[in-house]
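Here are a few exercises to work through with the model open beside you. Try each task before you read its solution.

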Amino acid sequence: MIQNKWLTWLIAAVWLANGLFCKVLNLVPRHQEIVARIIGPEHAGALTKLIGCAEIAMALWIISGFRSRLNAITQVVIIATMNTLECILAPDLLLWGRFNALYAFLFILAIVYNEFYRRTRPTQLT
């Protein structure tokens, strides 16, 4: 059982909002422009929607609590990889430019804190 359920829900909400609103519904076209910059414009629309669906699935995985440590590690790897690529290949398209890396790092810290430092540990019988 996770002690800070609100933090878990907040982390899931970030994935859901970015996946659904920014990518699947394309309410923030900049996301598709970033994908186009990285892979080319030909399939950027479809890939952006697929990424959005994967982000929605990540939100559901977070809420489910299933294999939460694997989930947290997966989130960290995805965020670090995604932000590294974006900072190198499309820094001019990022909301805060290269400062996005700072916000990504803070989000990673929240994920790690929530999963590895705030979890309730079973009481050991002595």
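## Exercise 1: the second largest pocket

The lining of the second largest pocket takes at least two residues from each of α1, α2, α3 (44–64) and α4. Helices here are DSSP runs of H or I with at least four residues, strands are runs of E with at least two, and both are numbered from the N terminus. This is a predicted model, in which local features need pLDDT of at least 70 and side-chain atom pairs count only at pLDDT 80 or more, while totals for chains, interfaces and linings use all residues. Residues are numbered from 1 along each chain as its sequence is written, and side-chain values use heavy atoms, with hydrogens and water left out.

**Task.** Find which residues lie nearest the centre of the second largest pocket, and sort its lining by class.

**Solution.** 
- Step 1: recall what a pocket is. On a 1 Å grid over the protein atoms alone, a pocket is an open set of points with protein on both sides within 12 Å along at least five of seven lines, whereas a cavity is a set where a 1.4 Å probe fits but cannot get out; lining residues have an atom within 4 Å of a point.
- Step 2: take the volume, which is about 370 Å³. Grid points are joined across faces, edges and corners, and a volume is the space filled by probe spheres set on the points.
- Step 3: look to the centre. Of the 16 lining residues, V35, I51, E55, M82 and E86 lie nearest.
- Step 4: sort the lining into 11 nonpolar, 2 polar and 3 charged residues. Ala, Val, Leu, Ile, Met, Phe, Trp, Tyr, Cys and Pro count as nonpolar, Asp, Glu, Lys and Arg as charged, and the others, Gly among them, as polar.

## Exercise 2: the largest pocket

**Task.** Work out which helix supplies the largest share of the lining of the largest pocket.

**Solution.** 
- Step 1: this pocket has a volume of about 500 Å³. Its lining has 21 residues, and N18, H31, M82, N83 and N100 are the closest to its centre.
- Step 2: list the contributors. At least two residues each come from α1, α2 (30–39), α4 and α5.
- Step 3: α1 gives the largest share, with 5 residues.
- Step 4: check the classes, which are 13 nonpolar, 4 polar and 4 charged.

## Exercise 3: a closer look at α1

**Task.** Which residues of α1 are buried, and what covers them?

**Solution.** 
- Step 1: The chain has 5 helices and 0 strands, and 33% of its 126 residues are buried (under 20% relative accessible area, with exposed over 50% and partly exposed in between; 1.4 Å probe, protein chains only).
- Step 2: in α1, the buried residues are L7, T8, I11, A12, W15, G19, C22 and K23.
- Step 3: their cover includes α2, α3, α4 and α5.
- Step 4: see what comes next. N26 follows α1 and has a positive phi, near 55°.

Notes. Contact = heavy atoms within 4.5 Å.
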